[in-house]
Amino acid sequence: MLEVKNVTKVFYSEQYGNLTALENVSLFVEKGEFVSIIGPSGCGKSTLLEMIAGLLKPTSGDICLNGQSITGKKGAVAYMPQKDVLFPWRTIIENVTIPLEIQGVKKARARQEALALLPIFGLEKFADHYPDMLSGGMRQRANFLRTFLFRKELMLLDEPFGKLDALTKMQMHKWLLTILEQLKQTVLLVTHDIEEAILLSDRIYVFSPRPGTIKGEVIVPLNRPRTQEMITSSTFIEIKKTIIEFIKGLT
Ligand code: ADP
Ligand code: MG
């Protein structure tokens, strides 16, 4: 479904001159797959997602969705940025219906459609609450719902659990695993959490420090539905070792 072909991104600033954020990155995501990119801070993960979302143009290379170039084109995929994008002055329901409004859906219908989805996102009691009345986990579920309502076949998630405490993060993983079974979305997730990547993904790309290049690709052979208990299985630990070795540059 998604193909990133030899993408390089060089930023230029007066202060630092040329800075290569990503170099010659090629990867793909098949329909229905959950793929993660794992890499250290500053290796160009967010830059790559912004390029796939069409918000930034690669310096060279091409990005294709279902065989069509989407390089520099906005709106082809759903994108959940690293920062919380909920507007504090809009209620949860008013926030999550923004994508529908952008698509020209009438306000009442948009509200109806989003209300029907609130229970799946664990937000049914919070439709008319403002974002600052919600916990971090709930706000992220609202951000997820907003991204989902762009109704695109591919969803890009940039460290959606990065700022959550360990226990909330575990609950969110459990929740995401359940809803993914229902929603049948194709997902490309960016993270720096190895266990999160293994638990959620079918495949993982391991990136080097800046300039980001692909150091390895790992297939996760764990069955679905996935459960948190798998984290202590021998298969899980083997995969974790492989990833750590890629990161250390031993393989
Ligand atoms: P990651 O998401 O992996 O932490 P980023 O993609 O945010 O990394 O950034 C990769 C590198 O590119 C960093 O060194 C960052 O400072 C630089 N960078 C990102 N955006 C810009 C920009 N708009 N202008 C200049 N440099 C940038
Ligand atoms: Mg980032």
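Reader: Which residue of E5 stands opposite Cys64, and what makes E4 and E5 paired strands?

Author: Cys64 stands opposite Ser69 in E5. Strands pair if DSSP finds at least two bridges between them; two bridges join E4 (residues 60-65) to E5 (residues 68-69), so the two count as paired, and they run antiparallel. Strands (E, at least two residues) and helices (H or I, at least four) are DSSP runs, numbered from the N terminus. This is a predicted model, in which local features need pLDDT of at least 70 and side-chain atom pairs count only at pLDDT 80 or more, while totals for chains, interfaces and linings use all residues. Residues are numbered from 1 along each chain as its sequence is written, chains are lettered from A and ligands numbered from 1 in the order in which they are written, and side-chain values use heavy atoms, with hydrogens and water left out.

Reader: What lies between E4 and E5?

Author: E4 and E5 form a hairpin with two residues between them. Asn66, in the turn, has a positive phi of about 50°.

Reader: In which order do the four strands form the open sheet, and why are E2 and E5 called edge strands?

Author: The order of the four strands is E2-E1-E4-E5, and their pairing is antiparallel. E2 and E5 are called edge strands because each pairs on one side only.

Reader: Why is Thr8 called buried, and which backbone atom does its side chain reach?

Author: Thr8, found in strand E1, has a relative accessible area of 14%. Buried means under 20%, exposed over 50%, and partly exposed in between (1.4 Å probe, protein chains only); the value for Thr8 therefore places this residue among the buried ones. The side chain of Thr8 reaches the backbone nitrogen of Asn24 at 2.9 Å.

Reader: What makes Ser46 and Gln82 donors of the magnesium ion?

Author: Donors are N, O and S atoms within 2.8 Å of the metal (3.2 Å for Na, K and Ca). Ser46 (OG) and Gln82 (OE1) lie 2.1 to 2.4 Å from the magnesium ion (ligand 2), so both qualify. Ser46 belongs to helix H1 (residues 45-52), whereas Gln82 is in the loop between strand E6 (78-80) and helix H2 (92-96), 36 residues apart. Water is not among the atoms, so sites may look incomplete.

Reader: Which of the words buried, partly exposed or exposed applies to Ser46, and which to Gln82?

Author: Ser46 has 19% relative accessibility and therefore counts as buried. Gln82, with a relative accessible area of 36%, is partly exposed.

Reader: Which residues lie around ligand 1, and which element gives the most to its shell?

Author: A residue counts as near a molecule or strand if one of its heavy atoms lies within 4 Å of it. The residues around ligand 1 include Phe11, Leu19, Cys43, Gly44, Ser46 and Arg210. H1 gives the most to this shell, with three residues.

Reader: What is the distance from the polar side-chain atom of Arg210 to an oxygen atom of ligand 1?

Author: The distance is 2.8 Å for Arg210. A backbone N or O atom of Gly44 is 3.1 Å from an oxygen atom of ligand 1.

Reader: Why is Ile239 called buried?

Author: Ile239, in helix H8 (residues 234-248), has a relative accessible area of 6%, and it is therefore buried.

Definitions and conventions: Polar contact = N/O pair within 3.5 Å; in protein donor to acceptor, adjacent residues only side chain to side chain.
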